[in-house]
Number of protein chains: 2
Amino acid sequence: MCQGNDVNCPEFRLHYRMFKEELNVERRSFLKSSFAAGGGAAALAAGGLSLVTPALAQASAAKRPGAPAYHYLPANADTVHWGYFSKKLKPQVEIDPGDIVTIETLTHHAGDDLERMVTGDEGAESVFLWTKDKKGVDRRGAGPTDPKVYKKGSGEGMGVHIMTGPVYVRGAEPGDILEVRILDCAPRPSANPEFKGKSFGSNAAANWGFHYNDMLDGAKREVVTIYEVDATGGRSWAQAVYNFKWVPQVDPFGVMHETIDYPGVPVDHSKTQRNYDALKGVRLPIRPHFGTLGLAPAEADYVDTVPPSYTGGNIDNWRIGKGAVMYYPVSVEGALLSVGDPHASQGDSELCGTAIECSLTGTFQLVLHKKADLAGTPLEELNYPMLETKDEWLVHGFSVSNYLAELGADAQSEIYKKSSVDSALRDAFRKMRHFLMTTKGLTEDEAISLMSIGVDFGVTQVVDGNWGCHAIVKKDIFAARV
Amino acid sequence: MCQGNDVNCPEFRLHYRMFKEELNVERRSFLKSSFAAGGGAAALAAGGLSLVTPALAQASAAKRPGAPAYHYLPANADTVHWGYFSKKLKPQVEIDPGDIVTIETLTHHAGDDLERMVTGDEGAESVFLWTKDKKGVDRRGAGPTDPKVYKKGSGEGMGVHIMTGPVYVRGAEPGDILEVRILDCAPRPSANPEFKGKSFGSNAAANWGFHYNDMLDGAKREVVTIYEVDATGGRSWAQAVYNFKWVPQVDPFGVMHETIDYPGVPVDHSKTQRNYDALKGVRLPIRPHFGTLGLAPAEADYVDTVPPSYTGGNIDNWRIGKGAVMYYPVSVEGALLSVGDPHASQGDSELCGTAIECSLTGTFQLVLHKKADLAGTPLEELNYPMLETKDEWLVHGFSVSNYLAELGADAQSEIYKKSSVDSALRDAFRKMRHFLMTTKGLTEDEAISLMSIGVDFGVTQVVDGNWGCHAIVKKDIFAARV
């Protein structure tokens, strides 16, 4: 049986009801756990080690209209937007703060193997539909939509991720903080009976990868590896099925794609050579997570999903999975949360340009913290996306912290000229300093000493234009601090 | 009682004998463990997950003259060299391959609090001795030793670490690989009765720190924080004792040090203001390790200890502690291993310029692998320092991989102009690619895909001129590979 997360399952409705019931239990235990409790006794017992103080949790809970409601947002051609965030988008679901919503997400790399990742999957089929006469989702990217202007396709592939949403959170306004609790996150089973019980993902070593101009033979090539992931939960690892070198593909509208330059181009495998010997015996631990999760920014109408920014988006940190909590500054009315770019696994750096890009279904609880209640709490002044796990707090530094505001009218192209780990590390340092001073009341000198001996800086990604460094501090460092 | 690692203990000889006996047991269990076994059955049982193949282990063991001997190298003015590696140095101890040697190391920051880190400690006192007439160790750094030329002091502080050694490994020649197993690593207890059972370390937020030109008020200041570390093994965390702002210090020879610009200057605390409220209630997990561990390079006679390079040195990776194994390419006859820069704890990046700089005593087994035996093994072609832990393999990338060879005659000053995480990441990528292709026989395309989804890239340090990025791959990824 499916886990209530496979809309193609004949008994989906029954399974989904069972899932919701289980979720109630899980949710209660989740709320009892210390890290995301945000609620009185539990948080106190853990030494107040949540970013949400008990007082703030009470204030935020008091504004809820009632008990949390459940919502389900499937992914199909009507519920996704492809390649951009936008404050102009019509919400797909409106929820009250505190509500729980299950959101299906589709990988934009499913076209690399339609048979395994699309065939038989009604939602995915509607999104990937592309014949010479019809395209399920025409616009892909924040670029031009005028056929007289674009060259590769509508939206020009300036932004690539299939985003489900947005979710409108009632009462959310600029200056508030949206807390996003990831209650669950699981691979989407293949709907093709031939691949029952399995999920699949694609890893493209692509032209935007860090390695691309640095191959041993000096040649340039793009190589796609298809990975198999267990969808039943029985195995914790992925393994390669085959790989192939990208060869020029003509899309159904007749446009030639010499490289991977537009998302969702259906790969014609009669033109590729599939190598089924790839990575034999290699087992990659899976770390299911959402590469792109965030809110619509106010700065522009259509924003390329590739570069991450202060409202989150394509942070590509593999720690943003089940059990994690993200905090985002709300930039527009209703917050407008969208989710996409699901990954089965990724390493710090996402070196070759992509992760194991694999459709996932997530369940989220969205808690709103109003600006007026933030004063004196750790969330005051939070103007960057923060991650909280059971044991750690993480800040995310970028080459340019808020590139839309800082780089002028051409920000969305300029950012690709600013890619640098050095500047992302600088930003991560400044954010971690701010966090330690704000959250734990350290002096600047204390924060700097602590950062050198108790904070780990890592490379989040070097492939999203606005490159990222993260800084990790363990919560228990502060367990004895009054 | 001491652990046989405190030369100031009145019963040191007895305790050392007991320690050696324990070590025999520990060593046997260490050798039985899979990761460093390098010896037949154990390595095979773990799927061959050591860099040392059973055949290589046999070949290397066959060249040992007999059972491993023990050696003890204390740290004192006669056994240390300060601030440089050098192929010209007379060995402090000569050993056979496979021998075990316990080496005391002293932090070069002990002058920040002589009372806690030097007083009563015969070895440390001999090293830190500095009156107007006498200096225990005159030369500190690879710089000029002519009083008519230097400004700050002999060696000019071009290199700062107190290095114990070198250890000469009989039979070691350029092209061989030296495997350094860290069997033990423990804090050196304070010899001052007032601080019995405690060790101390210093963290200097110094002028070479990443933060230094980026303070909130735009001012420049250096701040030293003294940390206390439990020396009995009962506690796994460090805590701050006090901090102070560096104020100009006149050394015993009359030279004024406006900033921290020469190692071992005894701090006169009648001129500082000590703040005992620093980091109250903050507990930093300790990760004892050696910041600087490596071999003398062939490229120059005197080499600044600060920038790490292909023979190791100041890698500043906190994972180089107990249970870890390092592999270094041998560059000169006898290998000439030196150890120093002991740390109680450090985060990835060593942001402010130093770790918790804290004297440690380490026990090492040095295994030699001859060039002629390396063909076809994972250690073939290894021309960079590699780290193996129980579960992981790590490569270390630097801004310039072998700066002594690549940057010409002025390499030792030029390297400080090349500091960059971006280029260190490039180097780490290339080394990890090489490692995966050499060790596991992956194709370049397989290696690149794996690096994006199963390798984590982190920032090792951004304060040693030749900045570092490391790449971590988990061994069990390959457990099922034939």
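Predicted model: local features only at pLDDT ≥ 70, side-chain atom pairs only at ≥ 80, totals over all residues.

Student: What rotation superposes chain B on chain A?
Tutor: A rotation of 180 degrees, with 0.0 Å of shift along its axis, and the RMSD is 0.0 Å. That is the relation of a two-fold axis. In chain B, the C-alpha nearest the axis belongs to Gly458(B), 2.0 Å from it.

Student: Why do the copies meet through the same surface?
Tutor: Because 100% of the interface residues of chain B are interface residues in chain A too. In contact there are 66 residues of chain B and 66 residues of chain A.

Student: How much area do they bury between them?
Tutor: About 5400 Å², with 56% of it on carbon and sulfur atoms.

Student: And how many salt bridges cross over?
Tutor: The rule finds ten. One of them joins Arg221(A) to Glu444(B), whose closest N and O atoms are 3.1 Å apart. There are also 48 residue pairs in polar contact across the interface.

Student: Which element of chain B gives the most to the side touching chain A?
Tutor: Helix 10, with ten residues. By class, that side of chain B has 34 nonpolar, 15 polar and 17 charged residues.

Student: Switching to helix 9, how do the two copies pack?
Tutor: Helix 9 of chain A and helix 9 of chain B pack at an angle of about 120 degrees, their axes 7 Å apart. Val421(A), Asp422(A) and Leu425(A) meet Val421(B), Asp422(B) and Leu425(B) there.

Key:
Residues numbered from 1 in each chain as written. Chains lettered and ligands numbered in written order. Heavy atoms only, no water. Axes fitted to C-alpha atoms, helices over the stretch in contact; angles between N-to-C directions. Helix = DSSP H or I, 4+ residues; strand = E, 2+ residues; numbered from the N terminus. Contact = heavy atoms within 4.5 Å. Least-squares fit on C-alpha atoms with pLDDT ≥ 70 in both. Buried area = accessible area lost by both parts, 1.4 Å probe. Salt bridge = Lys/Arg side-chain N within 4 Å of Asp/Glu carboxyl O. Polar contact = N/O pair within 3.5 Å; in protein donor to acceptor, adjacent residues only side chain to side chain. Nonpolar A, V, L, I, M, F, W, Y, C, P; charged D, E, K, R; others polar.
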